[in-house]
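Have a look at the picture, then follow along.

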Amino acid sequence: FPAAPRPGGGWISAESETAGPHQRISAAETACRGRRRFWGAFGMRKVLIWIIPVLAGTILAYAADGALERAQNLYQQTNYRESLAVLESASKPSAEEYCLIGRNYLMLADFKKATDALQKAVEMNPSSSDYYLWLGRAWGRRAEAASPFTAPLHAAKARQAFERAVQLDGRNLEAINDLFDDYLEAPGFLGGGLETAAALDE
């Protein structure tokens, strides 16, 4: 059929006149539907971009906590090498993990690696009395195994670490006992002696 003129101008095609109400969709409505589809997909992408890193971070944190717990259990079972293998698989160890790494090396008599790891632990968390306690123990063992030339320096570092542990927590009995023993064993010219130990006991 030929097109007929509209009352207000323009033409009406035969096809549009014969189309039912459900078949006639205005251009505006079509565009609106397209925009809804676009913004719906865009909004979903925004949600995914935000939530994926959060989920990934949560999963990694859970895995790290699980690895630390396994390493601690292995340490308690005196499986020091196995504990180290679990800990050293972490890309960025925490202060707590560095402390446990150092303790494992200490038990394996690798005193150099023990002091290195424990030094990193106290640098990451300088307010931990326990970390300084273990650092002092590592330096003490390293002093015992060192030559007469380097032993006094290592012993001084051990005493400084014990002193810092006591300063940070005056109720840390292990640190107090280790510092007391260090004062008793060290000669006076190295900061030890009975008077120094007695002063600590007071």
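Q: How is the crossing of H4 and H6 labelled by hand?
A: H4 passes H6 in a left-handed crossing. That label applies if the near helix is turned anticlockwise from the far one by less than a right angle, with right-handed for clockwise. Helices here are DSSP runs of H or I with at least four residues (strands are E runs of at least two), numbered from the N terminus.

Q: Before going on, what kind of model is this?
A: It's a predicted model, where local features need pLDDT of at least 70 and side-chain atom pairs count only at pLDDT 80 or more, while totals for chains, interfaces and linings use all residues. Residues are numbered from 1 along each chain as its sequence is written, and side-chain values use heavy atoms, leaving out hydrogens and water.

Q: What makes H4 and H6 roughly parallel?
A: Their axes cross at roughly 25° and come within 10 Å. Axes are lines fitted to C-alpha atoms, for helices over the stretch in contact, and angles run from 0 to 180 degrees between N-to-C directions. Under 35 degrees counts as roughly parallel, over 145 as roughly antiparallel, 65 to 115 as roughly perpendicular and the rest as oblique, so H4 and H6 are roughly parallel to each other.

Q: Which residues of H4 and H6 meet?
A: On the H4 side they are Ala-95, Glu-96, Cys-99, Arg-103, Leu-106 and Met-107, and on the H6 side Tyr-131, Trp-134, Arg-137, Ala-138 and Arg-141. Contact means heavy atoms within 4.5 Å. By class, this contact has seven nonpolar, no polar and four charged residues.

Q: What sits over the ring of Trp-134?
A: The charged end of Arg-137 does, 4.7 Å from the ring centre. The rule asks for NZ of Lys or CZ of Arg within 6 Å of the centre and within 35 degrees of the ring normal.

Q: Why are H3 and H4 called roughly antiparallel?
A: The axes of H3 (residues 80-87) and H4 (residues 95-107) cross at roughly 150° and come within 9 Å. With that angle, H3 and H4 are therefore roughly antiparallel. H3 also passes H4 in a left-handed crossing.

Q: And what makes H6 roughly antiparallel to H7?
A: H6 (residues 129-145) and H7 (residues 151-168) have axes that cross at roughly 165° and come within 8 Å. That angle makes H6 roughly antiparallel to H7. The crossing of H6 past H7 is left-handed, and their contact has 12 nonpolar, four polar and four charged residues.

Q: What is worth a look about phi in Thr-78?
A: Its phi is near 65°, a positive value in a residue other than glycine. Thr-78 lies in the loop between H2 (27-76) and H3. Ala-109 has a positive phi of about 65° too, although it is not a glycine, and its place is the loop between H4 and H5 (111-124).

Conventions: Nonpolar A, V, L, I, M, F, W, Y, C, P; charged D, E, K, R; others polar.
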